[in-house]
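Please read each numbered point with the structure at hand.

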Amino acid sequence: MSDDRLSPVFVTGASAGIGRECARQFARDGRDLILAARRLERLEELESELEEAHGVEVRVAELDVRDRDAVEELVSRLEREGRVPEVLVNNAGLAAGKAPLHEGSFDDWDRMIDTNVTGLLNVSRFVVPLMVRRDRGHVVNMGSIAGHMVYPGGNVYNATKFAVRALTQAMNVDLVDTRVRASCISPGAVETEFSEVRFHGDEERAEQVYEGYRPLRPEDVADAVAYVVNAPPHVSVHDLVIMPTAQRNPYVLDRGRRG
Ligand code: NDP
Ligand code: 8X3
């Protein structure tokens, strides 16, 4: 087995949206995969699709990134099997609610902070030491334009994505004496299940988010991830902001066209 076959790409939140497209993109590039999320059935469907279409080895794991013990167990198992990730895509995340701060739900806040910040830290804390030991690897953290600029009702989601950007900077400085790189990808609006999750299953409200303009597709973000990962070893992309052409920042959005 070649070294690359033992150096898979680990994607969290691979059961939908951006994470699923990252998995497809890496599979097209011939990379073996470790795919984690809570919805195992969806991961198993993706596993069959990618193994059949691209002949890559796909390992799936039912995982809640908030569960530190489960993360540790999975990463230990991977290490025992010699499957140390070459690339970690910390993509699992969500927004919950869009209420003003003074009306916010504690439950929504906990879900966002525990998933987007603590979950990312849990996975990184167990995977990055393995990369450091091998002196190779790349951590790609899924940030957001929400981590560059706050918007009304974004409050805690904004704070978690500002944290993702800060943690990417922190990883880069702490890893300076290694060849391990860290990148943050900061997309604007991407049409996925994101808004349905944010609005607690209200499909009509979710659809309105993407009405009247052409949002990013998850494939566009997967392209950006592939770009930073495939950059030559002496090049390190720290933060890549990628927006729909119709959306110049969280406030400036032209809903006047669809093409
Ligand atoms: P989706 O809702 O389509 O996908 C979210 C993914 O995260 C799912 O695979 C979900 O899997 C997984 N996930 C959520 N919570 C957990 C958890 N506790 N443990 C493990 N996996 C979890 O949304 P997107 O693809 O849009 O979101 C992916 C990332 O991109 C998020 O970090 C989001 O903040 C970010 N982002 C999204 C933008 C957008 O406009 N859509 C723009 C900028 C950034 P499961 O439910 O099976 O666990
Ligand atoms: C998701 C994009 O603009 O809803 O991170 O915050 S936005």
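1. Two residues are said to be in contact when heavy atoms lie within 4.5 Å of each other. The model discussed here is predicted.

2. Consider S195, which belongs to helix α6, a segment covering residues 194–198. Once residues up to four places away in sequence are set aside, S195 touches A206, V209 and Y210. Its relative accessible area is 3%, so S195 is buried, given that the cut-off for this class is under 20%.

3. The largest nonpolar core comprises 32 residues, and L33, L35, I185 and V225 have the most contacts inside it. At least two residues of this core come from each of the helices α1 (17–28), α2 (40–54) and α8 (218–230), and likewise from each of the strands β1 (9–12), β2 (33–37), β4 (87–90), β5 (137–142) and β7 (239–242). Helix α8 gives the most, with 6 residues.

4. Apart from neighbours within four places in sequence, V225 is in contact with C22, F26, V89, V140, M142 and I185.

5. Is Q25 buried or exposed? This residue is found in helix α1. Its relative accessibility is 11%, and therefore Q25 counts as buried. With neighbours within four places in sequence left out, Q25 is in contact with A222, D223 and A226.

Terms used
Residues numbered from 1 in each chain as written. Chains lettered and ligands numbered in written order. Predicted model: local features only at pLDDT ≥ 70, side-chain atom pairs only at ≥ 80, totals over all residues. Heavy atoms only, no water. Helix = DSSP H or I, 4+ residues; strand = E, 2+ residues; numbered from the N terminus. Buried < 20%, exposed > 50% of the residue type's maximum accessible area, 1.4 Å probe, protein only. Core = buried A, V, L, I, M, F, W, Y, C linked by side-chain atoms within 4.5 Å.
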